[in-house]
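Reader: Hi, I have a fold to learn for class. Can you walk me through it?

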Amino acid sequence: FNGFFNGIWKVGGILKVSEITTTTVASYLRLDDATDPLLTPILIVAKKFIEGYTNIYDQDITDTYTANGVTNGFKASMYPFVASTLVVKVNGVTKTLTTDYTVDAIKGIVTFVAIPSENDEITIAYTFGMDAFEEFWLVVMILCQDMYDNRTLVVDNTNMNRTVETILNLHRRNMLPSVDEV
C-alpha cells in the first residue's frame with residue numbers, strides 16, 4: 001500500500017503510533033462518525049496496554065561516550081530508536097547525517113565517517129518508544145477494533161488476538177536485573 005491513509009502519506013501502509021488519531025481509528029473501523037465518544041478512550045487504552053505489556057514507552061535518552069581515537073561506531077543504550085529524533089554531537093557541535101555519520105536505528109549504531117579524536121565527547125540523543133516499532137500501529141488498530149466490537153475498555157489477556165500477542169511478544173522487555181547486575 002502506497003498512498004494516503006487518513007490524509008497521511010504512507011509507503012507500505014506503515015503508520016507511526018503517535019500519528020494515530022480517533023479519525024484514523026474511525027477510518028480503520030469503517031465508521032461514518034469519527035466523533036463517537038468511545039473512540040478516544042479506546043485509543044488511549046490500546047496505547048497504554050502496549051506500554052504495559054511490552055514495557056516500551058516514549059522516553060528521551062542521551063548516551064554520552066568518550067572517544068578513544070580508534071573506534072568510529074557507537075551503540076545506543078536503547079534500540080531500535082526513532083531515527084527522526086536522533087541528534088549526534090561531538091564536543092557539543094551537532095553533526096550532520098550522511099556527511100558526518102550514518103545510523104542504523106534498528107541495531108542502534110551510529111558510525112562516524114571520520115574516527116573521532118581521542119577524548120572527544122560523543123553525545124547521542126534520541127527518543128525510544130512505540131514509534132520505533134513499525135508494526136505497533138497495526139496492534140493499536142486491532143486492539144481498538146476488538147474493544148469497539150465488544151464495547152469495552154479492557155483488553156482481555158486470557159483471550160488476546162493472536163496477531164497482537166505475537167507482535168507484542170516479539171518486543172516484550174524484561175526490566176528485572178540479571179544475575180550479574182544484582
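Author: Start with a term: two strands pair if DSSP finds at least two bridges between them. Helices (H or I, at least four residues) and strands (E, at least two) are DSSP runs, numbered from the N terminus. This is a predicted model: local features need pLDDT of at least 70, side-chain atom pairs count only at pLDDT 80 or more, and totals for chains, interfaces and linings use all residues. Residues are numbered from 1 along each chain as its sequence is written, and side-chain values use heavy atoms, with hydrogens and water left out.

Reader: OK. What is the bridge partner of Gly 73 in E8?

Author: Thr 111. Strands E4 and E8 (residues 109–112) run antiparallel there, with 3 bridges.

Reader: And what order do the strands of that sheet have?

Author: E4-E8-E7, an open sheet of 3 strands with antiparallel pairing. The edges are E4 (73–75) and E7 (101–104), each pairing on one side only. On average, neighbouring strands are turned by 20 degrees against each other, direction ignored. For such angles, axes are lines fitted to C-alpha atoms, for helices over the stretch in contact, and the angles run from 0 to 180 degrees between N-to-C directions.

Reader: Which strands form the open sheet of 4?

Author: The order is E3-E9-E5-E6, and the pairing is antiparallel. E3 (59–66) and E6 stand at the edges with a single partner strand each, so one side of each has no neighbour in the sheet.

Reader: How many bridges join E3 to E9?

Author: 8 bridges, in an antiparallel run. Asp 63 has Ile 124 in E9 as its bridge partner. E5 (residues 82–90) and E9 (residues 121–128) are joined by 5 bridges. There, Val 87 stands opposite Ala 125.

Reader: What about E5 and E6? How many bridges there?

Author: 2 bridges, antiparallel, with E6 covering residues 93–94. Val 90 stands opposite Val 93. Their hairpin has 2 residues between the strands, and Asn 91 takes a positive phi near 50 degrees.

Reader: Where else is phi positive?

Author: At Arg 30, with about 60 degrees, although Arg 30 is not a glycine. Arg 30 sits in the loop between helix H1 (22–28) and helix H2 (39–54).

Reader: Which peptide bond is cis?

Author: The one from Tyr 79 to Pro 80, with omega near 0 degrees. Pro 80 is in the loop between E4 and E5.

Reader: Now helices. At what angle do H3 and H4 cross?

Author: Roughly 140 degrees, and the axes of H3 (residues 136–150) and H4 (residues 162–171) come within 10 Å. That makes H3 oblique to H4. Under 35 degrees counts as roughly parallel, over 145 as roughly antiparallel, 65 to 115 as roughly perpendicular and the rest as oblique.

Reader: Which residues meet there?

Author: From H3, Phe 136, Leu 138, Val 139, Ile 142 and Leu 143; from H4, Thr 163, Val 164, Ile 167, Leu 168 and His 171. Contact means heavy atoms within 4.5 Å.

Reader: Last topic. How many aromatic pairs are in the whole structure?

Author: A search finds 7. Phe 74 lies in E4 and Phe 112 in E8, so the pair ties together parts 38 residues apart in sequence. The rule: rings of Phe, Tyr and Trp (its six-membered ring) pair if their centres lie within 6.5 Å; planes under 30 degrees apart count as stacked, over 60 as edge-to-face and the rest as tilted.
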